[in-house]
Amino acid sequence: MRPLIHPSIEDITVEGILHALSDPVRAAIYAELAVSSGATCSNFLKISDRDIPKSTLSQHFRALREAGLIRSERQGVEMRNTTRCAEIEQRFPGLIISIMKAHQIQAAERLRSVKHKPNNKSRTG
């Protein structure tokens with residue numbers, strides 16, 4: 001088994017963080033981890049009503065880990081993931097809080113727009 005790479009706090013960059021969180025699935029994963037005390041990968045097999053294959057999920061977690069956003073630890077056959085919010089807050093004060101606030105606003109807007117879309121399936125032409 002390959003060792004997990006966790007960058008030192010000094011090696012974490014704003015660009016790396018923004019790149020990792022530019023994917024909506026990774027942003028949703030990170031937002032969920034940020035409000036929990038940690039979770040295993042299998043907790044995220046369904047995100048925003050979409051099924052996520054395990055192989056894809058592994059790639060998302062790797063991107064978050066390599067950007068320095070999470071710490072992963074093997075627990076049996078599962079990976080336990082926790083955020084590094086406190087460390088990142090010390091390095092880049094306010095960055096993660098601002099990104100997560102923007103993510104919340106955007107997610108709420110998407111949810112409202114989905115609820116207000118008319119269902120055109122029953123119409124015939």
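This is a short tour of a predicted model, stop by stop, for you to follow in your viewer.

**Before you start**

Residues are numbered from 1 along each chain as its sequence is written, and side-chain values use heavy atoms, with hydrogens and water left out. As the model is predicted, local features need pLDDT of at least 70 and side-chain atom pairs count only at pLDDT 80 or more, while totals for chains, interfaces and linings use all residues.

**Stop 1: the whole chain**

Show the protein as a cartoon. You will find five helices and five strands; here helices (H or I, at least four residues) and strands (E, at least two) are DSSP runs, numbered from the N terminus. Follow the chain from the N terminus and the elements come in the order α-α-β-β-β-α-β-β-α-α. The C-alpha atoms fill a box of roughly 60 × 35 × 25 Å, taken along the principal axes. Of the 125 residues, 32% count as buried, where buried means under 20% relative accessible area, exposed over 50%, and partly exposed in between (1.4 Å probe, protein chains only). Contact means heavy atoms within 4.5 Å. Among contacts between residues at least 6 apart in sequence, 67% join residues at least 24 apart.

**Stop 2**

Two strands pair if DSSP finds at least two bridges between them.

Zoom in on strand 4 (70–75) and strand 5 (78–83). Their antiparallel pairing runs over six bridges. Show glutamate 73, and you will see arginine 80 of strand 5 opposite. Serine 72 has asparagine 81 in strand 5 as its bridge partner. The two strands form a hairpin with two residues between them, and glycine 76 in the turn has a positive phi of about 70 degrees.

Now turn to the other side of strand 5. Strand 1 pairs with strand 5 in the antiparallel sense over two bridges, and threonine 40 stands opposite arginine 80.

**Stop 2: the largest pocket**

Select Ala28, Ala31, Ser48, His103 and Ala107: of the 26 residues that line the largest pocket, these are the closest to its centre. On a 1 Å grid over the protein atoms alone, a pocket is an open set of points where a 1.4 Å probe fits, with protein on both sides within 12 Å along at least five of seven lines, and lining residues have an atom within 4 Å of a point. About 800 Å³ of space lies in this pocket; grid points are joined across faces, edges and corners, and the volume is the space filled by probe spheres set on the points.

Helix 2 (24–34), helix 4 (85–91) and helix 5 (95–116) each supply at least two lining residues. The largest share, ten residues, comes from helix 5. By class, the lining has 16 nonpolar, four polar and six charged residues. Ala, Val, Leu, Ile, Met, Phe, Trp, Tyr, Cys and Pro count as nonpolar, Asp, Glu, Lys and Arg as charged, and the others, Gly among them, as polar.

**Stop 3: the second largest pocket**

Move on to Leu4, Cys41, Ser58, Arg65 and Met79, which lie nearest the centre of the second largest pocket among its 22 lining residues. This pocket has a volume of about 600 Å³. Helix 3 gives the largest share of its lining, eight residues. The lining has nine nonpolar, six polar and seven charged residues.

**Stop 4: two single residues**

Finish with glutamate 10, in the segment before helix 1 (14–20). Glutamate 10 is exposed, with a relative accessible area of 55%. Then pick valine 14 in helix 1, which is partly exposed at 28% relative accessible area. Valine 14 touches Phe92 and Leu95, not counting residues up to four places away in sequence.
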